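I opened the coordinates and kept notes in the order of looking. The entries follow.

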Amino acid sequence: MSRQLHGLPKPVAFVFSGGVSLGAAQVGMLRAVLEAGIRPDLLVGSSAGALNAAFVAKDISLARVEELARIWQNLKKEDVFGRPTLRRAFHLLFRRISPVSCEAMEQLIAAHAPASYERLQAALVVVATNYFTGQTELFTSGDLRRHLLASTAIPVVFPPVSIGSALYVDGSVSAHVPLLPAPCPQQVPAYDFSHRQELVRMGFDAAAGFLAQTRLSGPGVYGAPHSHGEAP
């Protein structure tokens, strides 16, 4: 790691994009960044990234990241989207809002996410999108699990989530932050959960390599161009 990284200007923010199963890559990146001795003051997440950010915000440690890795490695598509049932068929035929209920996602969030924004080890921002206006909404207090459900409500797949007098859908609709340099969705489909362990490893390798080459030039956003392995 570059020695300059020890002098990162404060505050330091970790920003987590959406990506469904590609969120597993963020676990490897978190492992690399924490091993480099970099701790966030702020965590911002959309969709799957919001789930990762909320989980880690409770305890920003390598042990917590390893626990998150185990969750991802055991995660199946059914844990997110539920299993085909007669109830789902009824839901699709008669409600026609979305093909999937949010019940499985609610259970996943309840099992692993903190219940509130209080007593977290870093400030947390959950990003969602207003269903009617398309505007980005930033949640920093209130019902954290409800906000996470809204942030992960993929349009057409899941129904919009009501919060107050508004409806919200996936934060990545209005504010998808590219996960750089992550495995390209052309190489690993976002809805394919069979590459979880590979994504964690690739995320770690990419982040560790990036950190080793980074040179700071003051406050700013540090990233790397997205590529498919071609020469620039």
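I looked up S47 and found it in the loop between β2 (42-46) and α2. The model is a predicted one, where local features need pLDDT of at least 70, side-chain atom pairs count only at pLDDT 80 or more, and totals for chains, interfaces and linings use all residues. Residues are numbered from 1 along each chain as its sequence is written, and side-chain values use heavy atoms, with hydrogens and water left out.

**Entry: the annotated pair**

I checked the UniProt record, an unreviewed entry, which lists S47 and D170 under "active site". Positions from UniProt are in the numbering used here, with feature names shortened, and such annotations may be inferred rather than shown by experiment. I noted that the two span 124 residues in sequence, yet no two of their C-alpha atoms are more than 5.8 Å apart, so they gather at one spot. Of these residues, S47 is included in the lining of the largest cavity. By cavity I mean a set of points, on a 1 Å grid over the protein atoms alone, where a 1.4 Å probe fits but cannot get out; lining residues have an atom within 4 Å of a point.

I read 6% relative accessibility for S47, which counts as buried. The cut-offs are under 20% relative accessible area for buried, over 50% for exposed, and partly exposed in between (1.4 Å probe, protein chains only). With neighbours within four places in sequence left aside, S47 is in contact (heavy atoms within 4.5 Å) with G18, S151, T152, D170 and S172.

I then turned to D170, which sits in strand β6 (residues 166-170). D170 is buried as well, at 5% relative accessibility. Not counting residues up to four places away in sequence, D170 touches S47, T129, A150, S151, T152, A153, I154 and P155.

**Entry: helix α2**

How many of the 10 residues of helix α2 are buried? I found nine, so the helix (residues 48-57) is largely enclosed by the rest of the structure. Among the buried ones are N52, F55 and V56.

**Entry: salt bridges**

I found four salt bridges in the structure, each a side-chain nitrogen of Lys or Arg within 4 Å of a carboxyl oxygen of Asp or Glu. E66 pairs with R31, with the closest N and O atoms 2.7 Å apart. E66 lies in helix α3 (residues 62-74) and R31 in helix α1 (residues 24-35), so the pair ties together parts that are 35 residues apart in sequence. E66 is partly exposed at 30%, while R31 is buried at 17%.

E67 forms a salt bridge with R64, at 3.6 Å between the closest N and O atoms. E67 and R64 are three residues apart in helix α3, about one helical turn. I also noted a salt bridge between the side chains of D79 and K76 (3.8 Å, N to O).

**Entry: confidence**

I took the mean pLDDT (the predictor's confidence in each residue, from 0 to 100) of the protein as 80, with 72% of its residues at 70 or more. Over residues 178-186 pLDDT stays under 50, and the model has 21 contacts for them beyond four places in sequence. Residues 225-232 are also below 50, with six contacts beyond near neighbours in sequence.

Key. Helix = DSSP H or I, 4+ residues; strand = E, 2+ residues; numbered from the N terminus. 1 Å grid on protein atoms, 1.4 Å probe; cavity = no way out; pocket = protein on both sides within 12 Å on 5 of 7 lines; lining within 4 Å.
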